[in-house]
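Please have the structure open beside you as you read.

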Amino acid sequence: MASFFHSRTLLPGAILTLIFSGAALISLFWVPYDTTVLDIANRLKPPSWMHPFGTDQFGRDILSMIMVGARTSIAVALVAVGIGMLAGVPLGLAAAAGKGGLPDEVIMRGNDLVFAFPSLLIAVMITAVFGASALNAIIAIGIFNIPVFARLTRGAALSLWNREYILAAKVAGKGRARISLEHILPNVANLLIVQGTIQFSLGILAEAGLSYVGLGAQPPLASWGRMLADSQTMISLAPHLALFPGLAILLTVLGLNLLGDGLRDLLDPKLRRARV
Amino acid sequence: MLQYFLKRLLSLALSLVAASVVIFLTLEVVPGDPAAYMLGLNAQEDTLAALREELGLGGTLVQRYVSWFGGLLVGDFGTSYTYRTPVADMIGDRLWVSLPLALYALALSTLIAFPAGIFAASRRGTKADAAVMGVTQLGVAIPNFWFAMLMVLVFAINLRWFSAGGFPGWNAGFFPAMKALTLPAIALALPQASILTRVMRSSLLDTLNEDFIRTARAKGLTRGQALWRHAVRNALIPVLTILGLQFSFLLAGAIIIENVFFLPGLGRLVFQSISARDLIVVESVVMLLVFAVILVNFAVDMAYAWVDPRLRGRR
Amino acid sequence: MSLLKIDNLSLAIHGQPILDDVSMEVAPGRILGVIGESGSGKSMTAFSVLQLLPDGAACSGRITLSGKDILSLSEAGLCGLRGRDVGMVFQEPMTALNPLKTIGDQVAETILVHERVSRSAAMDRAAQALRRAELPQDRFPLSRYPHELSGGQRQRVVIAMAIALRPKLLIADEPTTALDVTTQAQILDLLKRLVAEDGMGLMLISHDLAVVADLADELVIMKEGQVVESGPARDLFRSLSHPYSRALLEASGHVPERTGTPAQTPLLQVCDVVRDYTGHSHGWWGRTTRFRAVDGVSFEIRKGESLGLVGESGCGKSTLTRAILGLEEVQGGEILFDGAPVFTHHHANVAVRRRMQVVFQDPYGSFNPRWKVDRLITEPFHLLDTPPKGRDRSDAVSEALESVGLSAADGGKYIHEFSGGQRQRIALARALIIRPDLIILDEAVSALDVSVRAQVLDLLADLGSRLGLTYLFISHDLGVVRSITDRVLVMKAGKIVEEGPTGAVLDQPRHPYTQQLVAAAPVLPVQAT
């Protein structure tokens with residue numbers, strides 16, 4: 001635990017992450033101003049005591065919008081990482097267990113194929129078919145995460161399959177599936193946690209980008225990316241409209257990255273090689 | 001070497017076919033008939049049939065796929081539903097904005113990241129290293145389109161060094177065109193340069209711990225000589241992987257950044273086509289971008305063989 | 001006049017003392033052997049001479065090389081010295097060379113760094129150095145890459161690099177530890193010849209007394225950062241005074257006491273076994289290649305017997321082990337355990353499997369680091385139809401741990417809390433817990449320091465007679481095989497080339513390959529008592 005407080009990255013990362021997930025949680029019960037009520041009289045007000053981050057072109061409180069937007073960002077990124085892990089990790093374990101065989105070949109070629117589609121292109125295709133929504137963003141980012149986790153898991157698992165303790169488990173009569181669950185998975189878990197925080201932060205960036213170009217969250221759902229898109233035409237008039245949502249994204253992603261780096265050093269210094 | 005090349009080439013072709021099937025099937029799912037959509041509710045049945053024929057919408061699924069994919073191979077992307085002009089022409093113009101933008105950003109990112117990564121690794125643990133790492137930590141976290149907006153605010157609106165957006169076209173001359181692409185390219189390159197710097201640094205630090213670096217030092221090479229002559233090239237192998245991945249992020253990112261700067265690139269074409277339900281254009285642009293990504297991966301595989309004799313096999 | 005003189009050298013890394021008051025000397029044309037177990041500081045002494053130390057290292061004392069005070073030299077001065085006046089050879093030839101450069105470039109680099117000569121002149125001299133290291137140009141052109149060479153050949157490249165400028169001093173840090181016995185003998189001969197030809201001084205560092213004793217003129221024995229004994233090699237073995245060096249010599253040649261005679265009934269019968277591997281030379285659409293790893297092997301092990309299996313890496317030992325354990329099916333022949341086949345209908349026979357266990361070489365990689373010891377050693381219970389639970393299980397754990405000299409409380413610890421020797425005991429406990437008849441020891445003591453190895457061998461001998469165990473003892477180390485086995489098999493390229501009572505085979509080898517192995521094995525000096 002002492003190393004937790006001595007780490008230069010873990011503590012600031014954890015604090016930033018706590019602030020933004022806290023803001024998202026609080027917004028479920030309370031926000032300073034109702035973001036669905038328009039107050040045209042108070043539009044485009046710069047930051048003040050009443051509105052610490054100012055108001056937008058409809059007079060809505062930007063702090064409240066950011067709190068609600070945190071909810072969207074975190075929910076989208078979290079579910080997308082969940083999809084990536086739930087599908088990618090078993091695929092990676094299976095590919096490693098059957099290395100060189102047909103399942104491995106099929107899984108890895110499938111991975112390569114998905115990797116050729118950046119999440120933005122997946123979102124473009126889904127939007128073209130079903131129309132734009134926050135769900136699109138989740139699916140697009142989630143699909144893109146599958147090969148990330150599958151490759152990572154396979155790579156780490158392959159090096160473990162050469163260990164003598166796996167041979168010992170085989171001598172004890174255990175099958176591939178049981179060995180994957182009992183021996184491989186616990187030993188790649190740290191790596192997955194670290195990669196999970198990194199993919200989480202990338203998911204937040206991707207959601208913001210998709211919502212910015214209109215492929216993600218749709219009004220009235222508040223989203224940081226949409227707030228930036230709306231602010232663009234007024235940037236010379238009211239720069240604070242663009243400043244605060246952007247800072248929110250930057251600090252959340254920074255916090256998650258620092259947390260990921262710190263966790264990596266804390267959980268296993270040797271993981272440094274395995275990253276990226 | 002030839003064997004490796006042919007194997008990668010075959011894999012390139014297979015990936016292309018697989019990707020085209022995925023794209024084709026996804027957009028086949030779209031409900032509704034583009035011909036009916038284009039002609040409106042009062043269209044005659046025989047006009048509709050004629051239009052379907054013209055747009056290549058007749059025949060079975062397999063026939064339609066074969067004629068579409070066959071067309072792609074000879075540069076025929078079909079006819080736009082909305083504008084009734086060849087898609088290839090529409091894409092052609094836009095490509096000359098998006099592709100130079102992505103390449104410009106890739107060049108910037110590489111030119112920044114290689115020296116910065118090597119610099120940080122060779123001064124590991126010093127304040128200079130910490131400063132580089134701090135900047136890259138911010139660079140990785142910054143949303144590139146927001147960074148682009150801030151640059152517009154500072155350099156275009158306040159300082160008036162650049163125009164806030166738009167593209168004069170290559171006919172206006174090389175330098176004005178490049179100038180219009182400079183802010184977008186910087187915005188695209190910053191996060192990628194940060195990632196690449198971090199990868200370069202950590203890969204180099206790993207390599208510097210290898211036994212053969214100690215061997216080189218025992219021969220009488222200085223730290224710097226060992227770094228340049230032995231470590232850098234070995235450290236390039238993981239860096240190449242990331243560089244390949246980055247190109248696809250840059251292409252996709254270009255679509256977003258074009259929006260900030262009102263550049264007439266593929267990104268704006270895609271968004272216009274989506275709202276006009278001009279799906280054949282969407283299909284073609286997506287296919288083109290995926291093709292570019294697959295091609296870059298092929299190039300990366302070739303670069304591996306160039307760097308690493310173990311992949312070239314015995315001569 | 002000595003070439004290298006180390007006086008009262010002390011070394012600390014980040015304040016942690018590593019070397020304490022170490023002194024030794026190397027004369028031109030002479031060989032100094034430095035012996036010690038892991039952690040004795042022998043390698044750090046060598047790195048101090050080149051000043052290639054990890055960050056945070058601080059040296060005090062004096063190191064003089066032909067009158068030059070090394071500790072007072074600038075970094076530039078040291079670079080001028082490394083490779084030109086002092087050459088160095090490392091332990092791990094597989095990683096000591098840059099994989100992306102040709103061997104010619106890497107040898108020529110030594111010359112180009114120190115002398116202003118043209119590249120082609122440097123390449124000529126590189127070719128000459130490689131020739132002296134017995135890598136002739138017609139078979140090993142300068143354009144070869146390291147991955148195209150074997151471990152022994154790579155070590156010759158490293159040696160060529162070290163001697164290219166005919167340095168006055170050569171430092172060899174465990175140069176043969178990673179190599180097979182026959183290759184080891186060739187490399188040691190090469191070093192000896194180069195010393196004689198060039199009149200170099202050689203500092204030869206090893207954990208293996210026998211390797212050094214054959215070669216060295218002077219000896220230094222180190223323990224925990226200090227020199228415990230030093231002097232001329234010939235006299236030193238006769239007059240070892242320090243208890244540690246006596247113990248080290250005793251442990252190196254240790255013969256455990258074994259009782260009990262093997263029965264005449266066979267426990268394991270291996271009849272004409274063939275194991276082929278099919279590979280695809282270029283991916284899954286490439287040409288199929290076939291490699292016969294085990295080629296018509298037949299032998300039997302009698303109940304209560306300890307059978308040795310010796311051979312160099314790649315001879316098929318490990319493949320044979322996997323076949324016996326029922327992990328892989330064989331393509332020809334049959335393996336019978338107590339009369340029952342190990343493999344029936346393409347499935348391993350569980351009833352047979354639970355009567356065999358194995359202990360592997362690597363004390364570090366043999367255990368899942370996330371499991372506690374009691375879970376680790378009860379893993380073989382998976383082979384039982386009704387694994388013991390609750391009280392029975394904890395009793396079995398305590399019994400197994402106590403039988404290998406550990407305590408029942410160790411079951412609650414994680415594996416990283418144990419030393420290498422203790423881990424091999426735990427591996428043994430894991431093998432013993434289902435009370436097998438046969439234990440296969442696959443290089444089980446090869447990674448251990450000699451003193452620890454002697455203890456584990458004693459334990460094996462004791463358990464063998466107490467529990468009536470049968471051992472298949474696989475090793476490349478003839479000394480160890482001689483001390484613990486009744487009979488021995490010699491394996492080469494998938495075939496058994498010679499078999500017989502251990503003493504007879506090793507004393508009067510008949511097959512040329514066995515003769516070669518025995519001749520190559522380093523011999524311990526006889527201790528005067």
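1. A definition to start with: two residues are in contact if their C-beta atoms, placed from the backbone, lie within 7 Å. With that in mind, look at chain C and its contacts between residues at least 6 apart in sequence: 69% of them join residues at least 24 apart.

2. Please keep in mind that this is a predicted model. The mean pLDDT of chain C is 89, and 97% of its residues reach 70 or more. For the model, both ipTM and pTM come to 0.86.

3. Now for the overall build of chain C. Its secondary structure is made up of 18 helices and 22 strands. The globule rule gives 24 Å for 529 residues, and the radius of gyration of chain C is 26 Å, close to that value, so chain C is as compact as a globular protein of that length. Along the principal axes, its C-alpha trace spans about 75 × 55 × 45 Å. Of the 529 residues in chain C, 46% count as buried.

4. Where do chains C and B touch? On this interface, 27 residues of chain C are in contact with 21 residues of chain B. On the chain C side, at least two residues each are supplied by helix H2 (75–81), helix H3 (103–114), helix H5 (151–163) and strand S11 (266–284). H3(C) gives the largest share of that side, four residues. Sorted by class, the side of chain C that touches chain B holds 13 nonpolar, nine polar and five charged residues.

5. Finally, a look at chain B. Helix H4 (residues 61–73) of chain B has 13 residues, which at 1.5 Å a residue should span 18 Å; the end C-alpha atoms are 18 Å apart, in agreement. Just after H4(B), B:Gly75 adopts a positive phi of about 85 degrees.

Key. Residues numbered from 1 in each chain as written. Chains lettered and ligands numbered in written order. Predicted model: local features only at pLDDT ≥ 70, side-chain atom pairs only at ≥ 80, totals over all residues. Rg over C-alpha atoms; globule rule 2.2 N^0.38 Å. Buried ≥ 20, exposed ≤ 12 C-beta atoms within 10 Å, placed from the backbone. Expected span 1.5 Å × (residues − 1). pLDDT = per-residue confidence, 0-100. Nonpolar A, V, L, I, M, F, W, Y, C, P; charged D, E, K, R; others polar.
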